[in-house]
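This briefing covers a ligand site and the sheet and helices that go with it. Please have the sequence and the 3D view open while reading.

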Amino acid sequence: MIIFQRMEEYDYEELVFFQDRATKLQAIVAIHNTVLGPALGGCRFWQFTSERAAIDDVLRLARGMTYKASVAGLNLGGGKSVIIGNPKTHKTEPLLRAFGRFINTLRGRYIVAEDVGTSTDDMMIIHKETKHVVGLDERHGGSGDPSPVTAYGVLHGIKACTKEVFKTKGLSGLTVAIQGAGHVGYHLARHLSKEGVRIIVTDIYKKKAQQVVDEFGAEYVKPEKIYSVKCDIFSPCALGGILDDRNIRALKCKIVAGSANNQLKSDQYCGKLEARGILYAPDYVINAGGLINVADEMKGYNHSRALHKAARIYKAVTRVIKIAKEEKIPTCAAADRMAERRIERAKKAHTIHGARKKPAIRQIYT
Ligand code: NAD
């Protein structure tokens, strides 16, 4: 693989390899873009099949973080890290501390958070070596479980979509089908029930869906039925890659808006949803509440402030819809353009993060 060619393609700033023989640490940090601020992104601890797979993943994920932070209106850039190895057998305190010391050498250009294979406890260990880490224990100023804030952001994203499609402000009387009654799905159902929404829910663990049925009066359907139930909004809050030809054909809704990452099997499916007359809220726009929540730690975590910022997802989704309509492009492309334009605007004010003190660049929604 020609690394510089890969980095040049999407204009990555930095790709750093860390190795520590004593602890068997092999880690990579990718910093995609720091125009808006320091790069924040999770650390994935994973047994990659090859070094190439690890590099591919860290580059792809870091770029995704740039877009997510930009549309969320955060003054943060995009970055990600990976530690190569099986977290169950490979993870030790010395290894995490070595990783923390390496992160410290980046002097805040990259801020690490938890991701697949890492936990709050791991962040606490990394914190012994560097202050450039978020996702800490609540007793140490951490932001705790991001799911309630993510769900709150999804609720506001749904409201932006219903305003567009049904021309209504509230959600009362509408039907939402939730796929996945996990952390986000549960809290979303809680919010929706307060709004007078009829909820249909499924989960591969029936017990989880049953809790939503018992507490919020939802109706249960089997997992395979969730795509074809008649509803106004389908809200994927389980896995990625679920919106493919077959499932899109089955949908009987007007809106797809949920928290799951990478809901579309590939980007082309955004256009396919549009062709079926279904409004799609791009996943990285509507599920940014988790990032907003963890990023708030940098100022000294305040839950009300995090919720307040997550509510702005309403404006972000509204803006995405506006760009899509004006420029006659699918909402996914509109979200990308919105993210890129904010970065372009910011570039005019400053260059690489840390070069000089820079003014905050606000997301402009209108
Ligand atoms: P979770 O693991 O708590 O919940 C997911 C639920 O989906 C589980 O209950 C699981 O049993 C269920 N599920 C899995 N496959 C299913 C299927 N085929 N049909 C029905 N149910 C199925 O995860 P979560 O934290 O609630 O996150 C949900 C999604 O949102 C994930 O894709 C996650 O990456 C994304 N997300 C979460 C956050 C957050 O703050 N937790 C933030 C951003 C994005």
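**Ligand site**

A backbone N or O atom of Ile204 lies 3.4 Å from a nitrogen atom of the ligand. The model is a predicted one. The points below start with the ligand shell and then turn to the sheet and its helices.

Contacts and shell
- On the ligand, an oxygen atom is 2.8 Å from a polar backbone atom of Ala238.
- Asp203 places a polar side-chain atom 2.6 Å from an oxygen atom of the ligand.
- On its own the ligand has 820 Å² of accessible area, and the protein covers 77% of that.
- Two elements each give two or more residues to the shell around the ligand: helix H6 (147-166) and helix H7 (183-194).
- The ligand is surrounded by 19 residues, and the closest are Thr150, His183, Val184, Asp203 and Ala238.
- Sorted by class, the shell holds eight nonpolar, nine polar and two charged residues.

Sheet
- Six strands form an open sheet with parallel pairing, in the order S8-S7-S6-S9-S10-S11.
- Strand S8 (219-220) and strand S11 (279-280) are the edge strands, each pairing on one side only.
- Strand S6 (residues 175-179) and strand S7 (residues 198-202) run parallel and are joined by five bridges.
- Ala177 stands opposite Ile200 in S7.

Helices on the sheet
- H7 lies across S6, S7 and strand S9 (233-236), and runs at about 170° to S6.
- Helix H8 (residues 206-216) packs on the sheet and touches S7 and S8.
- The direction of H8 makes about 165° with that of S7.

Notes
Residues numbered from 1 in each chain as written. Predicted model: local features only at pLDDT ≥ 70, side-chain atom pairs only at ≥ 80, totals over all residues. Heavy atoms only, no water. Near = heavy atom within 4 Å. Polar contact = N/O pair within 3.5 Å; in protein donor to acceptor, adjacent residues only side chain to side chain. Areas by Shrake-Rupley, 256 points an atom, 1.4 Å probe, with all protein chains shown as cover. Helix = DSSP H or I, 4+ residues; strand = E, 2+ residues; numbered from the N terminus. Nonpolar A, V, L, I, M, F, W, Y, C, P; charged D, E, K, R; others polar. Pairing = 2+ DSSP bridges. Contact = heavy atoms within 4.5 Å. Axes fitted to C-alpha atoms, helices over the stretch in contact; angles between N-to-C directions.
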